[in-house]
Amino acid sequence: MKCLCCQHDFIPNWELSNMWTSQNICNPCKMKFVKSGGCVDCGKPGIELCQDCRRWQNLGLPLHTRTMYLYNEEAKAFMHRYKFLGDTVLIRMFTDELKKVKMRRGWIVPIPLSRDRLSDRKFNQAEEIARRMNGKVTLALKRDEGTPQSRKSREERLKRSNPFHVTKEVAGKNILLVDDVYTTGITLRQAMVRLKEAGASEISAVTLFRSI
Amino acid sequence: MDIRGRWISAKQMETRLPTHQLIPAVTFTCQRCGAFPVKGHCTCGKRCYYCRRCIAYGKLRTCDQLITDTRPLDPVHPAQHQPIRLTPAQTTVARTIEQTILRGGRLLVHAVCGAGKTPMFFPGIERALANGKRVLVTAPRADVVRELTHHIKQAFPTAHVVSLYGGSADRLLLGEITVSTTHQLIHYRSCFDVVLLDEVDAFPFHMNWTLHRYVKRAMTQKAALILLSATPSMWHRRYPTVRLMRRYHGHPLPVPRLKSPFTMQSIVEWLHQYEQQPRLVFVPRIAALEAWQTRLKEVGIDVTTVHAEDPDRIEKIQAFRTTNGILLTTTILERGVTISNVQVAVLDADQGFSTKALIQISGRVGRDAAYPDGDISFFANDRSDALFYAIHQIQKANRWTTS
């Protein structure tokens, strides 16, 4: 079988325990991604509750975010291929992990792209991640036009006004927000604020990577 | 933008002219890379996929199109090369290259490492330009291309020289002389009447049929193809061959000395023997680098290591050129490095080194006319065919006389 990531041949491990998993990457490729874990709210390694999350709690905006992997060099290379080169099938290598995220009654809401970016890139990377999860994906948010975020510093990001709008009836719903990379958590909080205003009941989040 | 002779994605072209021609981008085969596409499902919602093989050149989907201009290419202007000095043996080879270029057809130039291959094809290029033929000089490695561009720009100051490699400024341009990596030829179709293909046996061109196809597509129907190599494979030796087994300074190739069996002591002795000179030590695998580094540190010898995935390998090699240090390396340095007065050792030469690699490694020694001989030692505890073939072929090359 061809590895999805490095395109080399590998022999999948056929055992009864992983009969129903999609083994589409080889073990060396799998080992490149390091599981995050530590901070209870954001998964920052080596700390019980990190500074950022404590500050958010003091502001009254706690958000339980499950981050899956650390945003190391390999993850950066992955994001470059996936997001900027547009190799969308590459997300399938995380299928097994993403399938474990289940949302029975509520909605899975991916963080949207602005219209310009979407027409540029032709796909929303967060939506692609959300589609691989177990649950109902609902596009309940809209984003105003603005400059891309990855170029901005932390200060600029915090100052920026909220670009999100709720487009659907979310009152009393449980909501799971999905994004690709968690850096400061500001984007997710901004979306959370808008959803709370619209009357959503419980909000948590899942991101693929935690920036270090 | 002028796109005659090139096929690019239609999204990159804003304007449409009546001479433009459009074709679907990914059909049964990918029209850009020419291979069966490794299909990646597209997210546009239609029945659509993209080619994952050539995604590094930009995403190309089934619903995209490729565009070209069907007008003929501009005529080529003749250019003179600067006077060069060739040995009689080199002149003979240069004349054969010239004849092949005029006649069309194929030729393999089998010249040893350090024979001075580059100046040999300058008269040929000059003759080709005078006959209105467009010239392509291509090699699979970017550092080789950069070096070739430097040489050719110096030799042909009046000609329009374009250099293509990943991240070069001349992307998608077409010159009278084009110097390019084989990968960049993916956009070019039937433009070049003369193709000079350097280092045919090098990775990644060796056994990579996609890259072979890029070169083949870029040639016109009656193009001349000249392959240059120091260690051609049997596959390439079927072409008419011209040989040059003497270095440009006329001295024989240093013959490897086989030290078998060897101990740690013999390596340390060898390293101490050439204390005043830079020393290159080759090991078979990346994993062996660290093991040897710690082992040598125990006896008090400091070494630098370098391998393909090393982020600052270019700086390390650049630093090594100026000092009398020891560089421990894998086979990435087997080609394209010229270090004056270098001494080379190959540790575990019986394990994992091919004949080709060993000949190329031996070719690092004594390239400078000021230091025509150096020491090349193979340390081996076992025997392998590759080891003996390499030594045999170097001895055979030294016995060669012009006939």
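1. Leaving aside neighbours within four places in sequence, B:Ser362 is in contact with B:Pro254, B:Pro256, B:Ile376, B:Ala390 and B:Ile394. Two residues are in contact here if their C-beta atoms, placed from the backbone, lie within 7 Å. The model is a predicted one, in which local features need pLDDT of at least 70 and side-chain atom pairs count only at pLDDT 80 or more, while totals for chains, interfaces and linings use all residues. Residues are numbered from 1 along each chain as its sequence is written, and chains are lettered from A and ligands numbered from 1 in the order in which they are written.

2. B:Ser362 belongs to helix α9 (residues 355-362) of chain B; helices (H or I, at least four residues) and strands (E, at least two) are DSSP runs, numbered from the N terminus. B:Ser362 counts as buried because it has 25 C-beta neighbours inside 10 Å. The term buried requires 20 or more other C-beta atoms within 10 Å of the residue's own, exposed 12 or fewer, and partly exposed a count in between, with C-beta atoms placed from the backbone. Between the C-alpha atoms of B:Ser362 and B:Glu199, which are 163 residues apart along the chain, the separation is 16 Å.

3. Chain B comprises domain 1 (8-69), domain 2 (88-244) and domain 3 (257-399), with bounds from an automatic or database domain assignment. A distance of 29 Å separates the C-alpha centres of domain 1 of chain B and domain 2 of chain B. Seven residues of domain 1 of chain B are in contact with six residues of domain 2 of chain B.

4. The largest nonpolar core has 109 residues, of which B:Val194, B:Val195 and B:Ile226 touch the most other members. Such a core is a set of buried Ala, Val, Leu, Ile, Met, Phe, Trp, Tyr and Cys residues joined through C-beta atoms within 7 Å. Strand β11 (residues 219-229) of chain B gives this core its largest share, seven residues. Beyond its neighbours within four places in sequence, B:Ile226 is in contact with B:Ile97, B:Thr100, B:Leu107, B:Val109, B:Leu196 and B:Leu197. Another core, of 47 residues, lies apart from it and includes A:Leu4, A:Leu98, A:Val109 and A:Ala205.

5. Between the chains, eight residues of chain A are in contact with seven residues of chain B. The model scores ipTM 0.79 and pTM 0.85. Chain B has a mean pLDDT of 91, and 100% of its residues reach 70 or more; pLDDT is the predictor's confidence in each residue, from 0 to 100.
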